[in-house]
Amino acid sequence: MSTAAALTGFAAALALTFGGAWAAGSSFGPVAPAAAHGAEHATEPTTQDRMPTDHLPAGLAASRAGYTLELGDDALEAGTRELAFTIRDSGGAPVTSFDVEHEKRLHLIMVRRDQTGFQHVHPVMDEHGTWRTAVDLTPGSWRVFADFTPTGGSALTLGTDLAVPGTTAPPSASAPTRTTQVDDGFAVTVAGDLRGGQDSTLRLQVSRDGRPVTDLEPYLGAYGHLVALREGDLAYLHVHPNGTPGDGRTTAGPAVDFTVEVPTAGRYHLYLDFKQGGVVRSAHLVLDASAPPAATTPDPAATGGHDH
Ligand SMILES: [Cu+2]
């Protein structure tokens, strides 16, 4: 077993310990003194049907809400490789029951930490709970996000690192990017602004050879899927468009609107997946989110629905 897997096992045991203390109603509160030594999830209840209560952005932890993402290999060679992984429950058993969300039981997003590689793939699970998929890897440090809903639980995105050995160029600094070229003459432009802790609407427009694209095809039930990753720690947000293909009012491009709430001010990398001519393409844009006006208090109850 790899070091990371062993550590994950330790983390699960730690979570179990605290879960037990929680269930037994011990005299110390939710933040036990010993929790200062442990990982962030040690302070969380591990009951599987509870949402994480700390409102941490998704994707920052490999273990959360009683579930752990464990890779089969912590490192893979560059090239087209098979990535294998397992979602384990708080007892360490592989999870095999998942709800279908956007036509799939699990969405796997991979991004190189320097934001120069992005993949959104749909692994296949065997009867033992091991998921497998082919991935295209270039040298560097990759972040692997598993976006899923365990049956009986809440939607969850776990993240962990995968190393791909080899020589990499020093990362170049990012810059806000509102228009980007995609393969085959496609381009994507974004209008609108992000505000930390508040909803805002982004309009993404797809063109090809300078002409608006009006024949987008539904991909996983929508005309676009948007993943936002905060620069620095890769906090994760997966957003679906306003409107559904076939609802009588949503057009097949060129504009796809998203209501997005990023957790904080800062720089965000946006990856739009869209489908046309039977081909799924990804566009990479970069926006800076401003701080919310000081007087406003974000109301979590008012922001439901942006996630799915
Ligand atoms: Cu997906």
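**Reading the labels of a predicted model**

User: Why is Gln 115 called partly exposed?

Analyst: Gln 115 has 19 C-beta neighbours inside 10 Å, and a residue is buried if 20 or more other C-beta atoms lie within 10 Å of its own, exposed if 12 or fewer, and partly exposed in between, with C-beta atoms placed from the backbone; Gln 115 therefore counts as partly exposed. The structure is a predicted model, in which local features need pLDDT of at least 70, side-chain atom pairs count only at pLDDT 80 or more, and totals for chains, interfaces and linings use all residues. Residues are numbered from 1 along each chain as its sequence is written.

User: Where does Gln 115 lie, and what is its phi?

Analyst: Gln 115 lies in the loop between β4 (106–112) and β5 (118–121), where strands (E, at least two residues) are DSSP runs, numbered from the N terminus. Its phi is positive, about 65°, although Gln 115 is not a glycine.

User: What makes Leu 220 partly exposed?

Analyst: Leu 220 has 17 other C-beta atoms within 10 Å, so it is partly exposed. Leu 220 is found in the loop between β13 (211–212) and β14 (225–230), and its phi, near 50°, is a positive value in a residue other than glycine.

User: Why does Ala 252 count as partly exposed, and which residues does it touch?

Analyst: The count for Ala 252 is 16 C-beta neighbours inside 10 Å, and it is therefore classed as partly exposed. Leaving out residues up to four places away in sequence, Ala 252 touches Thr 214, Asp 215, Leu 216 and Tyr 223, a contact being two residues whose C-beta atoms, placed from the backbone, lie within 7 Å. Ala 252 lies in the loop between β15 and β16, and Pro 254, joined to Gly 253 by a cis peptide bond with omega about 0°, is found in the loop between β15 (236–239) and β16 (255–261).

User: How do you know that β2 and β3 pair?

Analyst: Two strands pair if DSSP finds at least two bridges between them, and four bridges join β2 (residues 67–71) to β3 (residues 79–88), which run antiparallel. One of the residues bridged to β3 is Glu 70, whose partner there is Thr 86.

User: Which residues have pLDDT under 50?

Analyst: pLDDT, the predictor's confidence in each residue from 0 to 100, stays under 50 over residues 1–53 and over residues 304–308. Where pLDDT is low, the predicted coordinates should not be read in detail.
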